[in-house]
Amino acid sequence: MNAIIFRFTVACCLVLPLNAAEPPTIKPGSEEWRMVYEPAFEKPTELDADSELRKSLFKLLRPRAEKIAKQAVKFQGNLRVYRNWAFFSGSSIDANGKPVEYPELGNSDTVALWLRTIDGWKLVDFAAGHSDAFFLVWPEQYGMPAELLK
């Protein structure tokens with residue numbers, strides 16, 4: 001009988017820590033569930049220039065763009081959201097509103113893609129100073145809705 005109790009105790013000690021280490025699940029109907037599975041943007045929507053979401057998305061992009069530009073940048077152009085995705089297509093400008101000429105190609109063209117996850121919005125990909133529409137593959141590459149490109 002003691003051998004059975006010993007085996008049971010050893011089994012519990014090995015199994016319980018494994019279960020405790022599993023990540024928490026998202027409960028249907030919770031705020032996390034709604035953020036991930038019931039996004040607010042049911043159709044492609046342009047974000048207003050003074051939108052808090054627009055400002056926070058650009059805040060994620062700005063350090064990367066400034067690293068390439070080697071100066072402070074702002075963004076002007078279209079920032080559209082759909083489901084849990086956001087896509088920006090436009091240009092980078094300096095504090096005086098003049099186009100930032102990124103190295104190599106000398107233009108200000110800028111694109112960026114974000115995804116809203118359980119941990120918040122994340123910058124998926126971006127490019128600054130590019131010369132072609134390479135981002136047209138992003139729906140296939142990342143699974144973003146192609147409607148954001150229209």
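# Reading helix α3 and its surroundings

Guide: Start with helix α3, residues 52–69. It has 18 residues and reaches 25 Å from its first C-alpha to its last, close to the 26 Å expected at 1.5 Å a residue. The expected span is 1.5 Å times one less than the number of residues. Helices (H or I, at least four residues) and strands (E, at least two) are DSSP runs, numbered from the N terminus. This is a predicted model: local features need pLDDT of at least 70, side-chain atom pairs count only at pLDDT 80 or more, and totals for chains, interfaces and linings use all residues. Residues are numbered from 1 along each chain as its sequence is written, and side-chain values use heavy atoms, with hydrogens and water left out.

Visitor: Where in α3 does a kink lie?

Guide: The bend at a residue is the angle between axes fitted to the seven residues ending there and the seven starting there. In α3, a kink of about 35 degrees lies at Leu61, shortly before the proline Pro63.

Visitor: Which residues of α3 are buried?

Guide: An α-helix has 3.6 residues a turn, so residues three or four places apart point the same way. Buried means under 20% relative accessible area, exposed over 50%, partly exposed in between (1.4 Å probe, protein chains only). The buried residues of α3 are Leu53, Arg54, Leu57, Phe58, Leu61, Ala65 and Ala69. They pack against β1 (41–46), β2 (74–83), β3 (85–93), β4 (109–117) and β5 (120–128).

Visitor: What is Leu61 in contact with?

Guide: Contact means heavy atoms within 4.5 Å. Leave aside neighbours within four places in sequence. Leu61 then touches Phe75, Thr110, Ala112, Trp114, Leu123 and Phe126.

Visitor: Which residues touch the most other members of the largest nonpolar core?

Guide: A nonpolar core is a set of buried Ala, Val, Leu, Ile, Met, Phe, Trp, Tyr and Cys residues joined through side-chain atoms within 4.5 Å. The largest has 22 residues, and Leu57, Leu61, Leu79 and Trp114 touch the most other members. Its largest share, 6 residues, comes from α3.

Visitor: How many aromatic pairs are there?

Guide: A pair of aromatic rings is described by the distance of the centres and the angle of the planes. Rings of Phe, Tyr and Trp (its six-membered ring) pair if their centres lie within 6.5 Å; planes under 30 degrees apart count as stacked, over 60 as edge-to-face and the rest as tilted. The whole structure holds 10 aromatic pairs. One of them, Phe134 with Trp138, is edge-to-face: 5.8 Å centre to centre, 75 degrees between the planes.

Visitor: Is Trp138 buried or exposed?

Guide: Trp138 counts as buried, because its relative accessibility is 1%. Phe134 is partly exposed, at 29%.
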